[in-house]
Amino acid sequence: TLISRTALVTGSTSGIGLGIARALARDGANVVLNGFGEADAIEAARAAIESEFGVRAHYSAADMSKPSEIGDMVREAEEKFGSVDVLVNNAGIQFVSAIEEFPGAKWEQIIAINLSSAFYAMQAAIPGMKARGWGRIVNTASAHSLVASPYKSAYVAAKHGIAGLTKTAALELATHKITVNCISPGYVWTPLVEAQIPDTMKARGLSKEQVIDEVLLKAQPTKEFVTVDQVAALALFLCSDAASQITGTNISMDGGWTAQ
Ligand code: NAD
């Protein structure tokens, strides 16, 4: 179990990250939540983890687009709980537009949050993991780390980057009992997916039902959304002793999407 371990999950005030944080806490880890949102809702999520799972939970408001805040978040977690043993780089945003209209600032923001934040968080957390001789790094990639879709240039580039960063870190840390893997979900029903429906409607001139059937689930042969709990269960498995020889992999959970 993860009793006496500490897990830091970036982008865990919502969706997949919150699901992963709750799964790790259920297994005994103290957790550091991070992300944006309404203060009362974040505090409710934090307090629920403590009362439901009997662990400690701390919230960091660090902005994953700011390298200095990422370093401070990791150091604060180490001071508060004594270690960061599990790092889940999960924060991510999406923006849907043709390349020629894609705002440069959006490109930079997506690369910063979806890719560079994982590099800076690893840089801050690896020394402690090495010193203690154990660590688990799980990166939330995407089916878009393996294949592309039109109008998602920055996201697809960042996710392909996460897959490469994962492999590189796995090789660097292979003899330190630190594994590094990424999970590549297909479409998971979360606020991120829901929020991109209007933009996709606009970009492709489709109705909401058409976006769901012809764009989202078109790619997914099972015709079902992946659930947050399924992704969280895989992340928890990657943190177990049974997964100690799984490193540098990119594990798909996409209803068959990337088999096509
Ligand atoms: P979500 O919008 O529900 O959650 C995103 C989280 O990231 C939130 O907690 C948000 O506050 C946080 N966040 C955003 N910008 C941040 C910033 N600058 N600093 C700190 N936190 C920030 O979305 P989700 O679907 O749960 O996405 C989580 C991850 O899963 C992302 O990396 C996403 O790319 C990936 N993913 C999602 C799907 C899907 O279908 N939902 C599929 C594949 C991959």
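This is a predicted model: local features need pLDDT of at least 70, side-chain atom pairs count only at pLDDT 80 or more; totals for chains, interfaces and linings use all residues.
Colleague: Which helix does the chain pass through from S4 to S5?

Modeller: The crossover from S4 to S5 is a β-α-β one, and it is right-handed. The helix on the way is H4.

Colleague: Is S5 enclosed or open, and how many of its residues are buried?

Modeller: Let's look at both faces of the strand. Gly135, Ile137 and Asn139 point one way, Arg136, Val138 and Thr140 point the other way, and all are buried. S5 is therefore largely enclosed by the rest of the structure, with a buried count of 6 of the 6 residues.

Colleague: Which residue in S6 is the bridge partner of Ile137?

Modeller: S5 is joined to strand S6, residues 178-185, by 6 bridges, and the two run parallel. Together with helix H5, residues 153-173, they make a right-handed β-α-β unit. The partner of Ile137 in S6 is Val180.

Colleague: Where is Lys177, and what is its phi near?

Modeller: Lys177 sits in the loop between H5 and S6. Most residues other than glycine have a negative phi. Lys177 has a positive value instead, with phi near 60 degrees.

Colleague: Is Lys177 buried, partly exposed or exposed?

Modeller: We count the C-beta neighbours inside 10 Å, and Lys177 has 15. Buried needs 20 or more and exposed needs 12 or fewer. Lys177 therefore counts as partly exposed.

Colleague: And Lys223: is that residue buried or exposed?

Modeller: Lys223 lies in the loop between H7 and helix H8 (228-238). Lys223 has a positive phi too, near 60 degrees. With 10 C-beta neighbours inside 10 Å, where 12 or fewer is the cut-off, Lys223 counts as exposed.

Colleague: What about Leu216: how far is its C-alpha from that of Val188 in space?

Modeller: Leu216 belongs to helix H7, residues 208-216, and is partly exposed because 18 other C-beta atoms lie within 10 Å. Leaving aside neighbours within four places in sequence, its contacts are Tyr187 and Val211. Leu216 and Val188 are 28 residues apart in sequence, yet their C-alpha to C-alpha distance is 9.9 Å.

Colleague: Now the ligand. Which residues come nearest to it?

Modeller: There are 29 residues around the ligand. Helices H1 (15-26), H4 (104-132) and H6 (191-204) are the elements that give two or more residues to this shell. By type, the shell divides into 12 nonpolar, 16 polar and 1 charged. The residues that come nearest are Gly11, Gly15, Gly35, Gly92 and Leu192.

Colleague: Stepping back, what is the radius of gyration of the chain?

Modeller: The chain has 8 helices and 7 strands, and its C-alpha atoms fill a box of roughly 50 × 40 × 35 Å along the principal axes. For 260 residues, a compact globule would have a radius of gyration near 18 Å. The chain agrees with that, because its own value is 18 Å.

Colleague: One last thing: what share of the contacts joins residues at least 24 apart?

Modeller: Buried residues make up 45% of the 260 residues. For the contacts, we take those between residues at least 6 apart in sequence. Of these, the share that joins residues at least 24 apart is 73%.

How values were computed. Residues are numbered from 1 along each chain as its sequence is written. Helices (H or I, at least four residues) and strands (E, at least two) are DSSP runs, numbered from the N terminus. Two residues are in contact if their C-beta atoms, placed from the backbone, lie within 7 Å. The radius of gyration is taken over C-alpha atoms; the globule rule is 2.2 Å times the number of residues to the power 0.38. A residue is near a molecule or strand if its C-beta atom, placed from the backbone, lies within 6 Å of it. Ala, Val, Leu, Ile, Met, Phe, Trp, Tyr, Cys and Pro count as nonpolar, Asp, Glu, Lys and Arg as charged, and the others, Gly among them, as polar. A crossover is right-handed if, with the strands pointing away from the viewer, the path from the first strand over the helix to the second runs clockwise. Two strands pair if DSSP finds at least two bridges between them.
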